[in-house]
Amino acid sequence: MADAVVPCDVPGTVFRPGAVDVSEGRVMRVGPVSSLRGSTGEGVREIAVEGALLPGLVNTHCHSPMTLFRGTGENLPLLRWLREVLWPREAHLTDEDVYWGMTLAAEELLCFGVTTTCEMYFAQDALADAVVAAGSRALITPAVLQLTETDQGAPWWSEAIASIGDFSDRRDGEAGRIEVGFGPHAAYTVPLPGLIEAAEEAQRRNALFHLHLAETEREDDAFVAEHGGTVTEVLADNGVFDGRVLAAHSIWLSERDLDIYADRDVAVAHCPQSNAKLASGMAPLMGLMSRGVRVGLGTDGPASNNDLDLWEEIRLAAMMARLREGDAAALPAAAALDLATRGAGLSLGRPDLGVLAPGSRADMIAVSLDDPAFVPLLDDSMLVEHLVWSASSRLVTDVWVGGVPVVSDRHCLTVDGAHARSEVESRARRLASVSS
Ligand SMILES: [Zn+2]
């Protein structure tokens with residue numbers, strides 16, 4: 001039972017007051033308090049909260065363990081930042097570094113009400129260990145990326161793809177909170193045969209294929225010269241888009257590229273804050289959405305944002321869409337919120353995430369309404385307007401993942417924050433020294 005329930009469903013329903021019945025990690029029923037009162041049976045329990053109950057937010061593009069590199073390489077454009085600062089440091093990462101980087105991120109994410117992240121990073125077992133221990137949910141797409149050149153017989157990407165397959169065999173579905181996909185970094189870092197091989201393996205497993213695409217303005221140049229088409233055109237022609245595909249950033253797309261996204265059902269992880277901070281560009285969000293492309297919001301890594309606060313992305317997505325279109329009605333509040341909830345789940349191919357509906361995961365957040373951000377509250381639609389335009393992550397008080405409490409009264413129950421901060425501090429210092 002809650003003062004309000006905002007299920008983030010298609011009609012934009014608001015129940016004031018409302019209630020959610022949860023059983024075995026799933027939502028059973030959602031509705032006004034009157035309709036659910038007395039309906040609890042065996043194995044069903046009722047959660048009572050103050051404030052508004054929403055689905056947990058879904059972050060569709062993240063490299064969370066990069067908490068280790070927060071504030072590193074500031075003010076560089078993307079490619080120089082990657083090649084001169086990040087990759088040399090990442091070549092020295094240990095499994096324990098990734099575990100602690102992810103653990104610190106998990107505390108931050110959960111306290112902000114982000115219950116699911118789609119991760120692309122290295123040391124996938126350590127990353128999964130941290131997610132399982134923190135009680136959060138993740139779609140882990142281990143990176144296919146060569147940080148240092150080595151001489152070996154088989155193409156380097158084949159080994160990486162095989163190891164992801166092995167990881168998937170061992171850990172996909174673990175704790176009911178881990179899903180495994182494939183994360184070939186980008187078309188400028190993984191040669192076309194590697195992208196095709198990763199896509200074929202992902203398709204064989206019906207796993208998510210997650211890459212960076214069209215993030216910088218000149219990304220197509222080498223592909224046009226070598227393959228005779230834009231990256232999007234060539235990947236589509238080679239069957240790379242035939243399965244579950246999530247293309248992060250997707251800024252520099254031609255009209256034909258946009259049509260290909262729609263035609264091949266390529267989903268987009270839209271990262272407005274990272275795109276702005278690195279001056280990468282402003283993505284054609286309304287052009288994608290008007291074509292019916294599935295879109296979710298992502299923070300990108302905490303070294304290019306620099307936090308994991310998806311609430312900021314919601315508001316920035318609406319603001320940037322309005323600036324780009326010159327239209328104060330572009331991306332209304334409910335549509336902006338959808339990009340971090342139901343729409344984000346759909347962009348991952350996960351309709352059980354980001355929505356409170358029968359059968360969905362009982363990932364929920366309570367948002368305090370006892371704040372100036374929610375005054376005045378004249379009708380239900382104003383509640384959604386306030387959630388987007390005047391509320392923020394600071395109002396998230398309680399969080400559940402699969403019905404299990406992980407944040408209570410703004411305190412993360414699953415992560416020892418002081419310990420995690422201390423570990424990341426010392427590990428970040430070591431990584432900064434070995435690469436300089
Ligand atoms: Zn990224």
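In what order do the 6 strands of the open sheet stand? The order is S1-S5-S16-S17-S18-S19, and the pairing is mixed. The views below come from a predicted model, in which local features need pLDDT of at least 70, side-chain atom pairs count only at pLDDT 80 or more, and totals for chains, interfaces and linings use all residues. Residues are numbered from 1 along each chain as its sequence is written.

View 1. Strands (E, at least two residues) and helices (H or I, at least four) are DSSP runs, numbered from the N terminus. Two strands pair if DSSP finds at least two bridges between them. S1 and strand S19 (411-412) stand at the edges; each has a single partner strand, so one side of each is left without a neighbour in the sheet. S1 and strand S5 (residues 52-55) run parallel and are joined by 2 bridges. Alanine 4 stands opposite alanine 52 in S5.

**View 2. The segment before strand S1.** Methionine 1 lies in the segment that precedes S1 (4-5). Methionine 1 counts as partly exposed because it has 16 C-beta neighbours inside 10 Å. In this scheme a residue is buried if 20 or more other C-beta atoms, placed from the backbone, lie within 10 Å of its own, exposed if 12 or fewer do, and partly exposed in between. The C-alpha atoms of methionine 1 and glycine 51 are separated by 9.8 Å, although these residues are 50 apart along the chain.

**View 3. The hairpin of S2 and S3.** Strand S2 (residues 18-23) pairs with strand S3 (residues 26-32) in the antiparallel sense over 6 bridges. Aspartate 21 stands opposite arginine 29 in S3. The hairpin has 2 residues between the strands, and glutamate 24 takes a positive phi near 50° there. S2 is mostly covered, with 5 of its 6 residues buried.

**View 4. The crossing of helices H3 and H4.** The axes of helix H3 (residues 95-111) and helix H4 (residues 124-134) come within 8 Å and cross at roughly 35°. Axes are lines fitted to C-alpha atoms, for helices over the stretch in contact, and angles run from 0 to 180 degrees between N-to-C directions. The crossing of H3 and H4 is right-handed, that is, the near helix is turned clockwise from the far one by less than a right angle. Residues of H3 that meet H4 include Tyr99, Met102 and Leu110, and among the H4 residues that meet H3 are Leu127, Ala130 and Val131. By class, this contact has 10 nonpolar, 1 polar and 3 charged residues. Ala, Val, Leu, Ile, Met, Phe, Trp, Tyr, Cys and Pro count as nonpolar, Asp, Glu, Lys and Arg as charged, and the others, Gly among them, as polar.

**View 5. The contact between the two domains.** The chain is divided into domain 1 (4-55 + 355-412) and domain 2 (57-347), with bounds from an automatic or database domain assignment. Their C-alpha centres lie 28 Å apart. In all, 24 residues of domain 1 are in contact with 25 residues of domain 2, contact requiring C-beta atoms, placed from the backbone, within 7 Å. On the side of domain 1 that touches domain 2, helix H15 (380-389), strand S17 (396-401) and strand S18 (404-408) each supply at least two residues. H15 gives the largest share of that side, 5 residues.

**View 6. The loop around proline 351.** Proline 351 lies in the loop between helix H14 (342-347) and strand S16 (364-367). Leaving aside neighbours within four places in sequence, proline 351 is in contact with Gly345 and Leu346.

Definitions and conventions
Two residues are in contact if their C-beta atoms, placed from the backbone, lie within 7 Å.
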